[in-house]
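These are my notebook entries on one structure, kept in the order in which I looked things up. Each entry starts from a place in the structure and records what I found there.

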Amino acid sequence: MSGVNLTIDGKKVTVEKGTTILKAAKKLGIEIPHLCYRDDLAPFSGCRICVVEVEKAKNLIASCSYPVAEGMVVYTDTPRVKKARRMVIELLLSDHPYDCMTCEKSGDCKLEKYAYQMAVTTSRFKGEKHAHPVDITNPFFERDYNKCILCGRCVTVDNQVQHAEAIDFIGRGFDMRPGAAFDRPLQDDISTCVFCGQCAGVCPTGALMDKSRRFQGREWELEKVRTICSFCGVGCNIELNVKDGKIVNVTSWKDSPVNKGSLCVKGRYGFDYIHHADRLVTPLLRKGAKREPTEDFEKTSWDDALTLIAKKLKEIKEKYGAESIGFLSSAKCTNEENYLLQKFARAVVGTNNVDHCARL
Ligand code: SF4
Ligand code: SF4
Ligand code: SF4
């Protein structure tokens, strides 16, 4: 298939027909700023930060959605382009709290990043400012629409990826913002929100922020640990954000092979058990022989516990036969762990009595 040839900032590039200017520029290593655009979501073309100059075009063009054309000549960094981008940032800041010193998004906020890059310290546009009440009513994330830049990412991911259709833009003109049906809380009876947190995950500012993060560590202090969710057999990739050995929230990344950044409520928000005081972190040995729930347990080492289990399994097998023993595995284990358990049951103990917690 023949490609489309164009020039961007004096460099020639050939890309497939239908490629956007932004993607063609990326191929050349030219990063065009963008707020609403994400390469895993349909273009919204609302923020106008990604505008570029194209020879013979009268107006500036939104590069995130405009397709390349043969012979096109594009400039991404002219004084006219820079002036337009600065104006967008100033307009956004004209109705935005200057809250970065305590905002959990600071360090990972695209508005903060571009305001800094473009040296926009204040806004020349004075006027009305919103004072939306911050919605802290659901257990998972806060909704502070004073920090919303109307990029539409939350609505797109909710409608087109999660297919929950729990939120959309509500209101008109200056009062437009994302919201749930009848502007009710997301946890309302009529809401279709499943609290996957996808909207919070793609929000480029602090408008949608995980509650668990609040005052638990600045973005640059967090260690990012990539691992696999242990809730079910899908095996979604997750990223634990850790401060001083404590997980403060869970995020995901869009190039993850299994889930492509999507998570469900359990994977994203169900991590409090990890640091729960009741969690078993060492094997426990029952002191008596009565199997009473109130019976005392004492801590033991893994070596002692495994030695005892092996001894008991051997005794039972000798006395009653291998068929008297059964193994129950779990969806919370990895495929490899489940494979090992059935192999152990069949090859070592000699029984096919293997089942799974989902069928109990
Ligand atoms: S959303 Fe971004 S720009 Fe706004 S207060 Fe938070 S860090 Fe600062
Ligand atoms: S949490 Fe999930 S379902 Fe609820 S509004 Fe956000 S994206 Fe939609
Ligand atoms: S809440 Fe966040 S993702 Fe949604 S429109 Fe506002 S800034 Fe964009």
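Predicted model: local features only at pLDDT ≥ 70, side-chain atom pairs only at ≥ 80, totals over all residues.

Entry on Ala331. With that cut-off, and not counting residues up to four places away in sequence, I find that Ala331 touches Cys232, Gly233, Cys357 and Ala358. I located Ala331 in the loop between strand 15 (327-329) and helix 8 (335-349).

Entry on the domains. I noted the division of the protein into domain 1 (4-77), domain 2 (126-275) and domain 3 (284-359), and for domain 1 and domain 3 I read a distance of 60 Å between their C-alpha centres.

Entry on Leu284. This residue is found in strand 13 (residues 284-286). Apart from its neighbours within four places in sequence, Leu284 is in contact with Phe297, Glu298 and Lys299. I then took the C-alpha atoms of Leu284 and Gly18, which are 266 residues apart along the chain, and found them separated by 62 Å.

Entry on the core. The largest nonpolar core has 61 residues, of which Ile21, Cys50, Cys154, Cys199 and Leu208 touch the most other members. Among the elements that give two or more residues to this core I listed strand 1 (4-8), helix 1 (21-27), helix 4 (153-161), helix 5 (198-202) and strand 9 (208-210). Why does this core lie between domain 1 and domain 2? Both domain 1 (4-77) and domain 2 (126-275) give residues to it, so I place the core between them. For Cys50 I went on to the contacts, which, leaving aside neighbours within four places in sequence, are Leu22, Ile32, Pro33, His34, Tyr37, Ala62, Ser63 and Cys64.

Entry on helix 3. Leu111, Tyr114 and Ala115 are buried in this helix. They cover an arc of only 105 degrees around the axis, so I put them on the same side of helix 3. What covers these buried residues includes helix 2. Just after helix 3, I found that Ala119 takes a positive phi of about 55 degrees.

Entry on the ligands. Ligand 1 is surrounded by 13 residues, the closest being Cys100, Cys103, Cys109, Thr205 and Gly206, and I sorted its shell into five nonpolar, four polar and four charged residues. Around ligand 2 there are 14 residues, of which Asp158, Ala164, Cys193, Cys196 and Cys199 come nearest; helix 4 and helix 5 are the elements that give two or more residues to this shell, and by class it has 10 nonpolar, three polar and one charged. For ligand 3 I again found 14 surrounding residues, with Cys148, Cys151, Cys154, Cys203 and Ala207 as the closest, and a shell of 11 nonpolar, two polar and one charged residues.

Terms used: Residues numbered from 1 in each chain as written. Chains lettered and ligands numbered in written order. Near = placed C-beta within 6 Å. Nonpolar A, V, L, I, M, F, W, Y, C, P; charged D, E, K, R; others polar. Core = buried A, V, L, I, M, F, W, Y, C linked by C-beta atoms within 7 Å. Buried ≥ 20, exposed ≤ 12 C-beta atoms within 10 Å, placed from the backbone. Helix = DSSP H or I, 4+ residues; strand = E, 2+ residues; numbered from the N terminus. Domains from an automatic or database assignment. Contact = placed C-beta atoms within 7 Å. Arc of directions from axis to C-beta.
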